[in-house]
Amino acid sequence: MAFFSKLKERLFKSSSKLDEGLEAIVDEGGGTEQAAAVETRVIDAPPSATQTAPASEAAQPSGLLGRLVGRGGTAEQRRTLDDDMLEQLEELLIAADMGVDTALRVTANMAEGRLGKKLSAREIKELLAAEVARVMEHVAKPMPLYAHRPQVVLVVGVNGSGKTTTIGKLASQFKAAGKNVVIAAGDTFRAAAVEQLQVWGDRAGVPVLTAPEGSDPASLAYDAMTRAQEEGADLLMIDTAGRLQNRADLMEELSKIIRVIRKKDETAPHNTLLVLDATTGQNALSQVETFQKLADVSGLVMTKLDGTAKGGVLVALADKFALPIHAIGVGEQIDDLAPFDPEEFAAALTGLDQS
Ligand SMILES: Nc1nc2c(ncn2[C@@H]2O[C@H](COP(=O)(O)OP(=O)(O)O)[C@@H](O)[C@H]2O)c(=O)[nH]1
Ligand SMILES: [Mg+2]
């Protein structure tokens, strides 16, 4: 299945919430009018053009063209965009975990030049999707690959956010793309995390370096660094434990890993990926702030966008931090991780069919 349809299908909880909310807003304050035959796309048309020919006054659908491009005479609810409606939109976006600041900015941009205009739910969805995509455009960047060998990728995040799974998926994908990958199972607190990585590693044919439970992750990282250098590996991915109960401990552990790998290569780590769990909603924002203090976070991966109603948090993250979003996860299988595409995401989030 193409990733977009999978994303759309699996983001249904966020999108259905937005979908239903938008329909309700229009239903509540709108009047039924015949839909226009001409596509009344409100996104591309400049405000002046749309104001001189409001959608509601456009010609009735007729003939083949009308049936093809119009909504064939079906009655469609429209509502005048006013302050009342904007407030309801803001509330809806906040409820979808976009955060107050982002929700206000997005609705303000949606309203610009359109106050007093009658809009259908579909047009509002298109406007919203366009705004969301615009907010996220500048952060959509795949994880950069460098010629430097080995490129060291440190993966951080709270416990359960999806670090180990993401490393497994990324390692398999990089291996399939012809890269020589080594994994260091640096979460030595959990034997299960090591086994989990070994399964991914075996499947992908990627060596997984492990250490006994409870041993020092920094010395494992050092050994992994040695091995990766000896083998001329392209990539070394280092898993870490993410227990946040004690921030000082975690900071000490992460800085020790970094200190030790820099003994072998002072330019490492070349990427520090922060893995965030979408189901934690607004909490993801404070996790970014925390981890930025602990490590030099270079990019984000958001997991578990499947089956959560909190997907809007990714918009807030993009709006608030300038950090690149490298990939998103929508399941537990290897191909359930894909580069972040803002337009697909916006369409899936708003429940818009992509044509
Ligand atoms: N549904 C879903 N589950 C995920 C995703 N990514 C990870 N998981 C699951 O989340 C749980 C915790 O993941 P894990 O990689 O062990 O987290 P870690 O503690 O940060 O290493 C596991 O059961 C994973 O299978 C995702 O994108 N979607
Ligand atoms: Mg783990």
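1. D83 sits in helix α5; helices here are DSSP runs of H or I with at least four residues, and strands are E runs of at least two, numbered from the N terminus. Please keep in mind that this is a predicted model, where local features need pLDDT of at least 70, side-chain atom pairs count only at pLDDT 80 or more, and totals for chains, interfaces and linings use all residues. Residues are numbered from 1 along each chain as its sequence is written, and side-chain values use heavy atoms, without hydrogens and water.

2. D83 counts as exposed because its relative accessibility is 57% (exposed is over 50%, buried under 20%, partly exposed in between, with a 1.4 Å probe and protein chains only).

3. D83 also belongs to a surface patch of negative charge, together with D27, E28, D82, D84, E87 and E91. Such patches take residues with over 30% relative accessible area and no salt bridge, like charges being joined within 9 Å; a salt bridge is a Lys or Arg side-chain nitrogen within 4 Å of an Asp or Glu carboxyl oxygen. Helices α2 (12-29) and α5 (83-95) each give at least two residues to the patch, with the largest share, four residues, coming from α5.

4. Now to strand β7 (residues 235-238): L235 and M237 point one way, L236 and I238 the other, and all are buried. In general, side chains of a regular strand alternate between the two faces of the sheet.

5. Strand β7 runs parallel to β4 (residues 151-156), joined by four bridges, and parallel to β5 (residues 181-184), again with four bridges; pairing takes at least two DSSP bridges. I238 is the bridge partner of L154 and of A184.

Conventions:
Chains lettered and ligands numbered in written order. Patch = residues over 30% accessible without salt bridge, like charges linked within 9 Å, V, L, I, M, F, W, Y side chains within 5 Å. Areas by Shrake-Rupley, 256 points an atom, 1.4 Å probe, with all protein chains shown as cover. Lys, Arg positive; Asp, Glu negative; His and termini not counted. Charge placed at Lys NZ, Arg CZ, Asp CG, Glu CD.
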